[in-house]
Amino acid sequence: MSQKTPIKWFGRALALALIPILLTGCIGRKSSSSQSSGIAGQTEPVTLKIWRTFDSAEVFEPIIEEFERDNPAITLEYTLMSASEFELTTAEALAAGEGPDIWSIRNDWLPRHKNKLVPMPNGLLGKNSNQTDEDALKALFAPVVTQDVVYDGSIYGLPYYVDTLGIWKNTAVFNKKISELEDVDRDEEADLLRDPLNTYDKLQRAVELLTEKNPDGSISVSGLAAGTANNISRAEDVVYALMLQNGAEMVSPEHTNASFHLGVKNAVGQTVFKGTEALERFTGFADPAKSYYSWNTSMPGDVQAFIEGKAAMIFGFQYYELIFNQLAPTLKYSSIPLPQVRDIDTPVDYASYYIETVTKNTKNPTLAWEVLKNLVIERGNPYRSATKRPDPKPEEEPPTVLDRGESGNPFAYQQQTAKSWYKTKRPDKVDTIFRDLIQRVGTKSQAPQNAIEEAAQKISAILQGE
């Protein structure tokens, strides 16, 4: 990296409880000069600070070097911060009038930090295509991005990628079980484990086949790590996804109350509780009374169990691949799409990703936005090549539920049908409330409907205090 692009290290930590892993040494080549594009009219020297987490200096080094060659007057100062410090430290710096010009934040953090940010100048995104900015945004990014970054007609951020929730398979565990089934002429069951597990009914049957128990009834190999929160890294995201798939409305349209606990009338006039059904679907994997019981609170962490061959499958995002490669380089694994509650034409997936924003700390917000747009849109491919992050671009016809298992890497298309939801201005508190909800129901310490109503009351109180 050029001398005028210093890298500041605020600490690096590998924490399975947090899951994300910093990328190191992912790129050693220059990005293609065909991606080059300069910022017109900038002749006075200026330094812009970029603060991010998870992606190391090595990832951005060639991208920044090329940008600075194209824009000699602009210096980009890249600061990497550890995940545990990132949000709080940056917010405190911004409050003190310091901090970054360009700040990477998680998509569900935007409502909390919107008042610290400068929206995109009108006309910046669509000026070369004769479109409105929002139409240009929809043409450049998967639908969930528009849902997440547009407030009151203004755009507050752009993503390098959109990550989604899927399932990771331990290939060795699957192959061993398939071989055992074939040895005793249970070919149909062996074929089930080879087939796409595109619905939860199929997933549950596969879990029954894969789970192995000791003579005392304890689990030696779990078919799927699911059902609890104390040892499932992203348990709350799985339940969010299940609720959205089930058609639950998470919060009221006015964002004044939680609504995922409420009952609705079905086609025959019966009251059904879609949020509770989704919660019970997840916690059922920790219920010894279920035929697909495969997990409990005494099991190790899901990622550890998966790496050690004690869990055949775990829920996870694309970035889990970084963890596997760092902690277990010889591990054989593959990914499958997030199962759906039923065979439907349009799947429902769940997104979690980071967006690049411009803070009010910047002295030249228009320039900062020009730089952000240039980096994300015109230089995003080298970043994704280095990190293997999923491309955020839209596709006209994403695969249906039945087609998904034959469509290759699920992280390459699930962003097209992904959703997110308004998790209040305190998404950290909402996550904690849901993890507590899952744990109480998963351990049978509280009835599901009572527990979910208590969780909804707590989230409603947060919404009404905003």
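The dialogue below concerns a predicted model.

Student: Which residues of helix 10 are buried, and which elements do they pack against?

Tutor: Helix 10 spans residues 274-283. Its buried residues are Gly275, Thr276, Ala278, Leu279, Phe282 and Thr283. Because they cover an arc of only 160 degrees around the axis, they are on the same side of helix 10. The elements against which they pack are helix 9 (235-245), strand 12 (313-317), helix 16 (427-442) and helix 17 (448-464).

Student: Is Glu236 buried or exposed, and which residues does Glu236 touch?

Tutor: Glu236 belongs to helix 9. The cut-off for a buried residue is under 20% relative accessible area, and Glu236 has 3%, so Glu236 is buried. Leaving aside residues up to four places away in sequence, its contacts are Asp431, Phe434, Arg435 and Ile438.

Student: Where in the chain do Phe260 and Phe434 lie, and how many residues apart are they?

Tutor: Both Phe260 and Phe434 are buried. Phe260 is in the loop between helix 9 and strand 10 (264-265), whereas Phe434 is in helix 16. The pair thus links distant parts of the chain, and the separation is 174 residues.

Student: What is the strand order of the open sheet of three strands, and which strands stand at its edges?

Tutor: The order is 12-7-13, and the pairing is antiparallel. Strand 12 and strand 13 (333-336) each have a single partner strand, so one side of each is left without a neighbour in the sheet. From one strand to the next, the twist averages 35 degrees. The edge strands are therefore strand 12 and strand 13.

Student: How many bridges join strand 7 to strand 12, and what is the bridge partner of Trp168?

Tutor: Strand 7 covers residues 165-170 and runs antiparallel to strand 12. The two strands are joined by five bridges. The partner of Trp168 in strand 12 is Ile314.

Student: Which residues form one aromatic cluster with Trp168, and which residues does Phe306 touch?

Tutor: The cluster contains, besides Trp168, the residues Phe306, Phe317, Tyr319, Tyr320, Phe324, Tyr333 and Phe411. Phe306 lies in helix 11 (residues 302-307), and its relative accessibility is 0%, so Phe306 counts as buried. With residues up to four places away in sequence not counted, Phe306 touches Trp168, Lys169, Asn170, Ala311, Ala312, Met313, Ile314, Phe324, Leu331 and Tyr333.

Student: Which rings have the charged ends of Lys169 and Arg389 over them?

Tutor: The charged end of Lys169 is 4.4 Å from the centre of the ring over which it sits. For Arg389, the distance to the ring centre is 4.6 Å. The ring under Lys169 is that of Phe174, and the ring under Arg389 is that of Tyr161.

Student: How many residues of strand 3 are buried, and which residue stands opposite Leu80?

Tutor: In a regular strand, side chains alternate between the two faces of the sheet. In strand 3 (residues 74-81), Ile74, Leu76, Tyr78 and Leu80 point one way and Thr75, Glu77, Thr79 and Met81 the other, and all are buried. Strand 2 runs parallel to strand 3 and is joined to strand 3 by eight bridges. The buried count is eight of its eight residues, and the residue opposite Leu80 is Arg52.

Student: What are the phi values of Phe54 and Thr424?

Tutor: Most residues other than glycine have a negative phi. Phe54 lies in the loop between strand 2 (46-53) and helix 1 (57-70), and at 7% relative accessibility Phe54 counts as buried. Thr424, in the loop between strand 16 (418-419) and helix 16, is buried with a relative accessible area of 0%. Phi is positive in each residue: near 80 degrees for Phe54 and near 65 degrees for Thr424.

Notes:
Residues are numbered from 1 along each chain as its sequence is written. This is a predicted model: local features need pLDDT of at least 70, side-chain atom pairs count only at pLDDT 80 or more; totals for chains, interfaces and linings use all residues. Side-chain values use heavy atoms; hydrogens and water are left out. Buried means under 20% relative accessible area, exposed over 50%, partly exposed in between (1.4 Å probe, protein chains only). Helices (H or I, at least four residues) and strands (E, at least two) are DSSP runs, numbered from the N terminus. The arc is that of the directions from the helix axis to the C-beta atoms. Contact means heavy atoms within 4.5 Å. Two strands pair if DSSP finds at least two bridges between them. Axes are lines fitted to C-alpha atoms, for helices over the stretch in contact, and angles run from 0 to 180 degrees between N-to-C directions. Rings of Phe, Tyr and Trp (its six-membered ring) pair if their centres lie within 6.5 Å; planes under 30 degrees apart count as stacked, over 60 as edge-to-face and the rest as tilted. A charge sits over a ring if NZ of Lys or CZ of Arg is within 6 Å of the ring centre and within 35 degrees of the ring normal.
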